[in-house]
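The exercises below concern charged side chains and their surroundings. Work through each task with the structure open before reading its solution.

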Amino acid sequence: DGHTWRGVFQFIVLNPDGAVPAGAEFNPEATAGATTSLLPKPVDAALKWIALLALAVAAGAAFWVRAVAKPAAAFLDDDNYDNALAASERWLVNLGHILLPASFLAMAALVLLTVSRFETGTTLGTYLVSIRTGQHRLIFALSAALALAGCDLLYLASGRRLRAAGTLLMLAASLLGLLTFSLTSHGGVGTGAFWAVVADFVHLLASAVWLGALAMLVPFLRWTRRALAAPERFLYMANVFDRFSVVAALSVIAVLATGVFNGLAQIPEFSALFDTTYGRTLVVKLALVAPLLGVAGLNAFRLKPRLVSAIDGVYQQGGAHPERHRAAAERRLGALQRILPWTIAFEVALAIVVFGSVAVLSQTSTAKGELAQEDAQRQAATQFKDQKPAGDLQLDFVVKPNRVGLNEYALTI
């Protein structure tokens, strides 16, 4: 799981009825010096960040083309509709040809790095075929490759149906890769694993849709200023932002709801939020999410409504507003066209940083695991001692570790 364990860790395979086999016992000295890392290595976190971020942006961008850009352009005449759809598909292809190979290579490097650290005879083939984490990482890499094939189909096809098939293949394969990430998350084991995995996948899916759509808005704003004339340009912008607002609002609600659920599932008590490595890492993530939500709120509830209002002020009812009001709306429209690309780019940058914290958090030992490890260490350190005189003798009696299960009894005379 990305955490390095060193030392000797003993275990006993119980009988089918749960009884300890005859003659099985622990060596009380064999666990001395055993350690494990709670945080992932920086290179592991970086590779997982690249793999996850790249695939998530690709999935969100493909969704934006199908659910936002294409239906928003439906009112345009045939030539402008074709140009708008071709432009959005071209941005998707450009993103896909950069991000999908990066995602594949990052995951491949992470797999090779993991296998190289094994101090056993486990081979690359064994890891990818027989070990659960390796199997899911293999599916992740194959999903990135399949998404790249969809991207190539979108690039090479000339017919609308084939281009649509390429976009859908890119979207479906990317979502499959993200699902494997959730299946190997902290929620993928233990009681309630199904619901924890569902919540984690919804959390990741909503984040991907949000970030991918944001990434596509930047070239969209630049293209509309060059390629479309008024009023089609502004009406198309208003349609896109109306649809994007719905997508973004639903995504934020899903991210917050599933984030709270996952936090409650992984943090056993409030003090663990500050007393464990996982809890402190989660606090850092929340500290990064706060400004992201602030900028997102500014864009969604302040700038976007003003943009749509300004467009209505200029073009509603054929531009029949009084000239003074129309001139003021045109000034607001021009200012918002200059501001929005910068605030959207800032929101994208913050979201990318948040994904970095996700890569670290997903490879950090859970709060429950850390607390259990500390409790085990405390129990291992406890022992019962007693001294009794017996005539001319001194009897020292020690019981280790003095808990339910196997114990060692020592009587020194």
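**Exercise 1.** Is Arg117 buried, partly exposed or exposed?

The model is predicted: local features need pLDDT of at least 70 and side-chain atom pairs pLDDT 80 or more, while totals for chains, interfaces and linings use all residues. Residues are numbered from 1 along each chain as its sequence is written, and side-chain values use heavy atoms, without hydrogens and water.

Step 1. Buried means under 20% relative accessible area, exposed over 50%, and partly exposed in between (1.4 Å probe, protein chains only).
Step 2. Arg117 has a relative accessible area of 30%, so this residue is partly exposed.

**Exercise 2.** Find the salt bridge partner of Asp44 and locate both residues.

Step 1. A salt bridge requires a side-chain nitrogen of Lys or Arg within 4 Å of a carboxyl oxygen of Asp or Glu.
Step 2. Asp44 pairs with Arg117, with 2.8 Å between the closest N and O atoms.
Step 3. Asp44 belongs to helix H1 (residues 42-72), and Arg117 to the loop between helix H2 (78-116) and helix H3 (124-130); the two are 73 residues apart. Helices here are DSSP runs (H or I, at least four residues), numbered from the N terminus.
Step 4. Asp44 has 1% relative accessibility and therefore counts as buried.
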